[in-house]
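Please keep the sequence and the model in view while reading.

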Amino acid sequence: MQTQPGPAELADAASGPSASPVAWQGRLSQLLQQCKGPLTFAASFAFLNAVMNSRYPARQPALWYLLPSLDVVVVFVVFALFGGFGQRVPRALRGALVALFVLSRVLRIADGIEMGAYYRNFNVVVDTPLVPEFVRLFYSTVPHWRFFLACAVMIALLWLLGFLVSRAFDVAERALRSPGYARAFSLLALVFAAASPFEWQAPHEKGSPFKVEDDRRLAGAFGSSIFSRFSTELDFAANIYGYKAEKIAGIRQQQQKLATSELDLGKLAGKNVYLFLIESYGECVVERPLLADQVLPAYQRFEQELGEKGFQIASRVLDSSTYGGRSWLAHATISTGVRTTDQFQLELLRVTQPKTLAQAFNEAGYRTVLVQSATRRPSPLKDFHHFTNHYYTSDFGYVGPEFGWSAMPDQFVLDFVRRHELIAPKAPLFFEYALTSSHAPWSDLPPMIEDWSALGDGSIYAHEPGTHFANGWLELGGAADAYARSVVYDLDVLRRYIASYITDDSLVIILGDHQPHSEVTDQNPATGVPVHVLSKDAALIDPFRARGYTPGMRAQTSGTHPGLETFMTDLLFDFSSAKVGGKL
């Protein structure tokens with residue numbers, strides 16, 4: 001007969017093997033509860049470290065930013081001191097710290113963007129006035145819905161960053177009221193402080209040394225304070241008048257050099273001069289094999305066809321005053337002979353109005369023409385280039401589609417100006433063209449129209465398919481092929497134009513304004529740009545050869561190069577037949 005288990009047996013069953021999972025779950029839950037506080041505290045510390053240390057989107061070694069930030073350590077010490085006295089951190093101080101962390105992250109992002117594109121840090125004094133222009137550029141080159149969506153996302157991300165920083169401060173402040181947390185944190189901070197003398201170097205990338213200490217990322221064993229970055233801005237702002245005086249002195253020196261020289265350009269003998277500035281045309285086109293594979297055959301076509309037409313060609317490399325963008329700084333450098341590296345210097349040129357390349361040609365009896373098809377609206381600022389005529393976007397009457405950033409294809413631009421300026425010229429001509437089909441982000445390449453007479457008002461481009469590339473302003477990592485093809489397009493357009501329409505002894509100059517974005521140059525910080533000179537008159541090429549230009553289209557990229565600012569004075573002095581600087 002089966003009997004019912006008694007109370008003792010039931011108790012034994014409850015404590016047997018079947019109860020073990022319940023017990024372990026309880027112990028695990030208890031352990032997790034005990035670890036929750038330290039883990040949350042560590043997560044808040046790691047998050048705040050990343051906010052202050054990370055250089056993204058600049059290059060940086062993986063996870064290095066998890067080193068304790070000196071700024072975060074100081075903030076936590078302040079929290080511990082308030083907690084030790086049983087006080088809450090004042091709300092005003094908390095708000096100021098949140099604002100500091102958000103501002104620091106924005107500055108780091110701005111530095112990362114500037115470093116990636118231009119190989120320089122963001123300068124608050126110089127670069128902030130340009131922010132509205134970059135917003136306008138973004139607005140004009142992407143669909144409007146995407147522009148407004150991006151603005152909304154950016155505002156939301158800034159708010160989210162401030163919220164997360166505030167929550168991380170809450171966690172840290174609550175924890176550091178506990179003597180245990182305060183002692184443990186102080187001990188770790190002392191350990192890192194004791195280790196401060198050590199040197200740490202990031203791994204080399206692609207054979208080039210990339211040292212963290214070169215970027216002032218470390219303060220001993222700590223991530224460097226954001227105040228070292230702020231001090232750079234404050235130092236520049238405090239010395240802005242000295243910087244201004246230095247730049248004005250450079251402008252005056254150049255003015256004096258030109259004023260004491262009789263620059264009649266007599267050796268040109270009234271021949272037309274064409275200056276073609278190819279956007280983003282840098283020395284990387286021959287230095288980086290991926291680009292050279294496409295560009296060098298275009299050089300060969302150029303040399304062969306124009307050589308058969310009687311042109312002599314010489315080339316070299318000059319060092320641009322900018323990198324990755326800000327073409328107007330390179331154009332100002334070419335125009336004035338003053339190396340212009342930032343917007344502040346550009347404004348000084350507007351104020352001082354130095355003598356320019358166009359003015360020298362004006363005085364020599366030339367009609368000077370500026371061609372900027374991408375200038376969608378005249379600048380409200382005072383002009384200092386002083387061309388007698390110009391062609392901006394609205395002057396072309398173009399009715400075809402846009403191609404990426406470019407308002408119209410360069411082939412159309414060249415033909416339009418030819419039809420309006422070269423059919424019946426009344427004076428020798430000096431042209432300066434800004435060719436834009438090779439402008440970032442290299443997303444759309446126009447087709448080559450074989451019959452130039454069919455270009456008309458550009459409507460033909462609505463029926464001739466171009467080439468689309470999956471590139472955008474934020475997706476340039478794979479843009480090398482598109483960039484190379486855009487440069488080849490411009491070289492081929494120029495080759496055909498010169499072969500067909502420049503049949504006299506004109507002087508033709510083809511010059512890059514700056515290197516493309518660093519994603520395309522393969523992180524090469526060199527600032528060299530090719531310059532090519534062509535003419536059927538050997539006497540017009542000889543002065544360039546004397547200055548180190550070599551035969552053919554491929555320039556020598558090794559060694560040091562003259563600055564882009566030397567081009568203007570060399571051109572004026574070499575082709576003036578009168579006294580230069582008081583000497584024959």
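## The sheet

Strands β5 and β7 pair in the parallel sense over 6 bridges, where helices (H or I, at least four residues) and strands (E, at least two) are DSSP runs numbered from the N terminus, and two strands pair if DSSP finds at least two bridges between them. The model is a predicted one, in which local features need pLDDT of at least 70 and side-chain atom pairs count only at pLDDT 80 or more, while totals for chains, interfaces and linings use all residues. Residues are numbered from 1 along each chain as its sequence is written, and side-chain values use heavy atoms, with hydrogens and water left out.

## Helices against helices

Two packed helices are described by the angle between their axes and the distance between the axes. Helix α4 (residues 91-118) and helix α7 (residues 144-175) pack at an angle of about 130°, with their axes 9 Å apart, and α4 and α7 are therefore oblique to each other. Angles under 35 degrees count as roughly parallel, over 145 as roughly antiparallel, 65 to 115 as roughly perpendicular and the rest as oblique. On the α4 side the contact includes Leu97, Phe101 and Arg105, and on the α7 side it includes Leu161, Val165 and Asp170. By class, the contact of α4 with α7 has 9 nonpolar, 2 polar and 4 charged residues, counting Ala, Val, Leu, Ile, Met, Phe, Trp, Tyr, Cys and Pro as nonpolar, Asp, Glu, Lys and Arg as charged, and the others, Gly among them, as polar.

The axes of α10 (residues 240-259) and α20 (residues 566-574) come within 12 Å and cross at roughly 10°, and these two helices are therefore roughly parallel to each other. Gln254, Lys257 and Leu258 in α10 meet Met568, Thr569, Leu572 and Phe573 in α20, and the residues of this contact divide into 4 nonpolar, 2 polar and 1 charged.

A cis peptide bond, with omega about 15°, joins Tyr56 and Pro57, and Pro57 has its place in the loop between α2 (20-53) and α3 (70-84). The peptide bond from Ala440 to Pro441 is also cis, with omega near 10°, and Pro441 lies in the loop between β7 (429-435) and β8 (444-445).

Although Ser280 is not a glycine, it has a positive phi of about 60°, and it is found in the loop between β3 and α11 (284-287). His386, likewise not a glycine, has a positive phi of about 65° and sits in the loop between β5 (367-372) and β6.

## Burial and the chain as a whole

Ser280, at 3% relative accessibility, counts as buried, whereas His386, at 25%, counts as partly exposed; buried means under 20% relative accessible area, exposed over 50% and partly exposed in between, using a 1.4 Å probe and protein chains only. In β5, 5 of the 6 residues are buried, so this strand is largely enclosed by the rest of the structure. In α20, 7 of the 9 residues are buried, so this helix too is largely enclosed by the rest of the structure; among them are Phe567, Leu571 and Asp574.

The protein chain has 20 helices and 12 strands, and 48% of its 584 residues count as buried.

Definitions and conventions. Axes fitted to C-alpha atoms, helices over the stretch in contact; angles between N-to-C directions. Contact = heavy atoms within 4.5 Å.
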